[in-house]
Amino acid sequence: MLRLPRLLLTALFIMAASAFNAYAEWNDSIRYHGEIGATFSAGEHTPFWMANNQYGLSSITRNNAYLRLGAFHDMDTTRRFTWGAGVDLAVAARFTSVFVVQQLYGEVKYRCLNLMVGSKEMNGFIRNSDLGSGNMMFSGNARPIPQIRIGIFDYADFWGTKGWLGVKLYGAFGMFTDNRWIKSWVAPNSQYTLNTLYHSKALSFRVGNVKEFPLEFEVGMEMATQFGGDQYKDGVLIRKMPRGWKNWVKAVIPMKGGSDTPTSDQVNVEGNMLGAWNFALAWKPASDWSVKLYYEHFFEDHSMMTFDYPWKDGLYGVEAHFPKNRWVSEAVYEFLYTKDQTGPVYWDHTPEINEQVSGSDNYYNNYNYNGWQHWGMGIGNPLVISPIYNNPHTLGFKCNRLWAHHLGIKGQPAETLGYRLLLSYSKGWGTYGSPYADVKSNFNLLAEVNWKPARLKGWEGALGFGMDAGSLIGNSYGVSLKISKTGWFLK
């Protein structure tokens, strides 16, 4: 099963060859994007919102920089058959790696069916990528995971419903790419897993036709699994996880592990499984304004997947788009709560005490795997502080019991000038297994202005100021600068 990377590259090559043949036939345009960015900061780290939710193309190390170049063919969704491809590379200073393959993918679409092969930046189910704190499952905080993904990526109408009922779904298999970084970064005597495999899937429904009535409701579930891999302790291989076809099936359909898996997998389910329920209710009375309420309920096992315990934890949010004005075009408010985790007590029933207490869910952490992270950055909501911040260098999430308020606002005061403001305040209790002696707090700020000069078509500059205050990740402040150019080849 370690042939997966080769299969990914082979499929990507075939799709790219087909894409460029289609390019010669259709004479479509290729979009290019170049960007240079740098942050200069003092204190503990790069300010939080300058380093997080950047799809992993960032660094918490102070005073860093990168140069990024990419070329893309975007899919034309008006066509019955369309294709896309992208190459997005970067070189960086004071990052987790000097050379970064940020995106490398090919994709095709026929009618409503999609196939994507490679690494591509993708958002989660319910998320404003500019203003929100990030989905509980996939926030855009970590580097993309190379994968083969197939399904219906955008809502497709059910036949005969006249647009009142839509569905989207996908299934994916891939592999984590942070082996070399893990081996060089983790502290001595650490346990970690390399060559970890990945599976994710989702099913969502949309009810409502805003052309007929402005109310729309969405509900869906997304799940993911870390499985396979090789487990190490202080650099010594201690266990090779099974990765035969049965293990791939169990990644799709949660089942108990066999005798060749760790004891915890034999008692529960094989691999590190997690997921989220997503709900959204939107009111869209006009094309220029709308409001959406949403709730994302995260779970680590069946106890919080179903209604065995009250649903207290989750991400609660409201997103508003305002009629055109100079000052505020969009705003997002979110409240994140993860303190419950079905309570502090866990007990697997035994013949002597035949009771099951499924508490202490320990969000994003797992004993056998590196946790829900990629290259040290949490794949889920970044307000659950990523392992890259840990000192000493361990791969666990040290504070997954917290609550947080988050506010995001942006506007366009002038035709060429815009701004974005992010404010977050959180309090953390550590974990049930390792609680903090004192509650730790954190305040994070990002104020950013962007300028698109009218005389320099395709150019954009962004200047930001960020700061952190509190005991959770320490005090920091700094500035960021980005300059980018977007254009077209042979348009």
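Author: Two strands pair if DSSP finds at least two bridges between them. Helices (H or I, at least four residues) and strands (E, at least two) are themselves DSSP runs, numbered from the N terminus. The model here is predicted, so local features need pLDDT of at least 70 and side-chain atom pairs count only at pLDDT 80 or more, while totals for chains, interfaces and linings use all residues. Residues are numbered from 1 along each chain as its sequence is written, and side-chain values use heavy atoms, with hydrogens and water left out.

Reader: In which sense do strands E11 and E12 pair?

Author: Strand E11 (residues 230-233) and strand E12 (residues 236-240) are antiparallel, with 4 bridges. Lys 233 faces Val 236 of E12 across the pair. The two strands make a hairpin with 2 residues between them, and Asp 234 in the turn has a positive phi of about 55°.

Reader: Which residues of helix H4 are buried?

Author: Buried means under 20% relative accessible area, exposed over 50%, and partly exposed in between (1.4 Å probe, protein chains only). An α-helix has 3.6 residues a turn, so residues three or four places apart point the same way. In H4 (residues 245-252), Asn 247, Trp 248, Lys 250 and Ala 251 are buried. Viewed down the axis of H4, the buried residues fall within an arc of 160°, so they line one face of the helix; the arc is that of the directions from the helix axis to the C-beta atoms. Trp 245 and Lys 246, on the other side of H4, are exposed.

Reader: How many residues has the largest nonpolar core?

Author: In soluble globular proteins, nonpolar side chains tend to be buried together. A nonpolar core is a set of buried Ala, Val, Leu, Ile, Met, Phe, Trp, Tyr and Cys residues joined through side-chain atoms within 4.5 Å. The largest one has 56 residues, and Met 137, Phe 138, Leu 336, Trp 372 and Tyr 389 have the most contacts inside it. Helix H2 (residues 48-51) gives the most to this core, with 4 residues. Another core, of 7 residues, lies apart from it and includes Met 175, Leu 197, Met 241 and Trp 248.

Reader: Is Ser 204 buried or exposed?

Author: Ser 204 has 3% relative accessibility and therefore counts as buried. Its place is in strand E9 (residues 197-207). Contact means heavy atoms within 4.5 Å. Not counting residues up to four places away in sequence, Ser 204 touches Phe 125, Tyr 155, Gly 166, Val 167, Lys 168, Val 219 and Gly 220.

Reader: Where does Met 75 lie?

Author: Met 75 is in the loop between strand E2 (64-73) and strand E3 (81-93). At 23% relative accessibility, Met 75 is partly exposed.
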